Amino acid sequence: MTCMTTLTCISCGVEAPAPDSAGTCPVCNDPFAVLDVQYDMACVQANMTSQTLKQRPMNHWRYAELLPVHPDKTAFTWPVGMTPIINAPRLANKLGAGSLMLKDDGRNPTASFKDRASSIAVLHALQQGATHIACASTGNAASSLAGFAAIAGLNATIFIPYRAPKPKVAQLMIYGANVMRVQGTYAQAYDLCTAQCAEHGWYNRNCAINPYLVEGKKTCGLEIAEQTASNPPDWVAVAVGDGCSIAGVCKGLTQMHELGLLEKLPRVLGVQAQGVCPIAQAFETSTLNTKGHTGTLADSIDVPVPRNWKKAVACVAKTQGDFVCVSDDQITTAMKQTATLAGVFAEPAAAAAVAGVGQAVAQGIIDPASSVLAVITGNGLKDIDRVIKITGQPNDINP
Ligand SMILES: *Cc1c(COP(=O)(O)O)cnc(C)c1O
């Protein structure tokens, strides 16, 4: 049973009627005035305890009270979440951190963190009687939605930018989605998707302005809390594009702390790429500057106009957290180090979180004695051309 109550606007605080899918504040008339799902925390406290959690499935539906949908028996078998946390002492040593854990979300069904949001979207769409679901994505949200739409038997139409990496496109095609490759940017694909959803009445999975989906991403934070409860890390690092993922992880940690299920609230570190760092700047200035975009090889965080920057900035500030920016060179180095020193194959955007830990130590933000957890948001097989460029070819020899 969900303990969800109302939705409030992150900008003006007004209580808004629950939108069918995506929706922003009806009062503010501002595309960045996103909605935030509220819960009756007494209801959560009474029903979700360390005792009751013990009897629940080892996937993210175990947090039913803190989800915006009623999980049903079908969804309980969708194996999302409860991804492992791996101790990475050699990588910690290399980065100069006291200790380092990696939460490997590349082990979700379609190999990225986005499965947490897509599973919620698909269940929410089914429960509202929708037969068609759509999204615009740089890749992972798309392949994830295609996978969950296939599990649930929904039609999916997906708008991707021209430069989406081939392996992600391959996932879309094999899952049977209707794929529209927009000969333009992510921003253009996004606007087109919004317009088409309105025109055809499709369920809109665009995460940034669909308030329910951040709640799915939140389960990563709930899990980190449950998995590390008696010994939580000092810092949790997350790569940031649109801002939904970090806002979700951060909200999950905060709620578990509020419930007394997490002893100490970790500080949250947002990591952006140097060529696309509007949220890191907004954290300092409180305003969003969308100019100066030069891009990054980490396609999943190449988001010049982040729709969820306010939620991200507000929650990170609440944890006494911070933001850093890393270069593409730092990202490729982190990809190699994460693989060779911890055995985890991360895609560039996921490796950015690891690079950010090194950067934050170098800037004196993270104390060298600190314990850190980095969320590995996507698997390295998502972008193999890039990987071969970094590693070079194998030795070809005669038998
Ligand atoms: C989407 C994504 C992110 C960033 O999430 P946002 O909600 O856009 O901030 C980070 N890493 C990977 C692998 C992703 O797919």
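## Between domain 1 and domain 3

Between domain 1 and domain 3 the count of salt bridges is zero, a salt bridge being a side-chain nitrogen of Lys or Arg within 4 Å of a carboxyl oxygen of Asp or Glu. Across this interface there are two residue pairs in polar contact, both at pLDDT 80 or more; a polar contact is a pair of N or O atoms within 3.5 Å, where, within protein, one must be able to donate a hydrogen and the other to accept it, and residues adjacent in sequence count only if both atoms are side-chain atoms.

The area buried between domain 1 and domain 3 is about 870 Å², and carbon and sulfur atoms give 64% of it; buried area is the accessible area (1.4 Å probe) that two parts lose on being put together, summed over both. Ser21, His60 and Val69 supply 47% of the area that domain 1 buries against domain 3, more than any other three residues.

## About the model

This is a predicted model, in which local features need pLDDT of at least 70 and side-chain atom pairs count only at pLDDT 80 or more, while totals for chains, interfaces and linings use all residues. Residues are numbered from 1 along each chain as its sequence is written, and side-chain values use heavy atoms, with hydrogens and water left out.

An oxygen atom of the ligand lies 2.8 Å from a polar backbone atom of Asp242, and a nitrogen atom of the ligand lies 2.7 Å from an N or O atom in the side chain of Thr377. Taken alone, the ligand exposes 380 Å² (Shrake-Rupley method, 1.4 Å probe), and the protein buries 97% of that.
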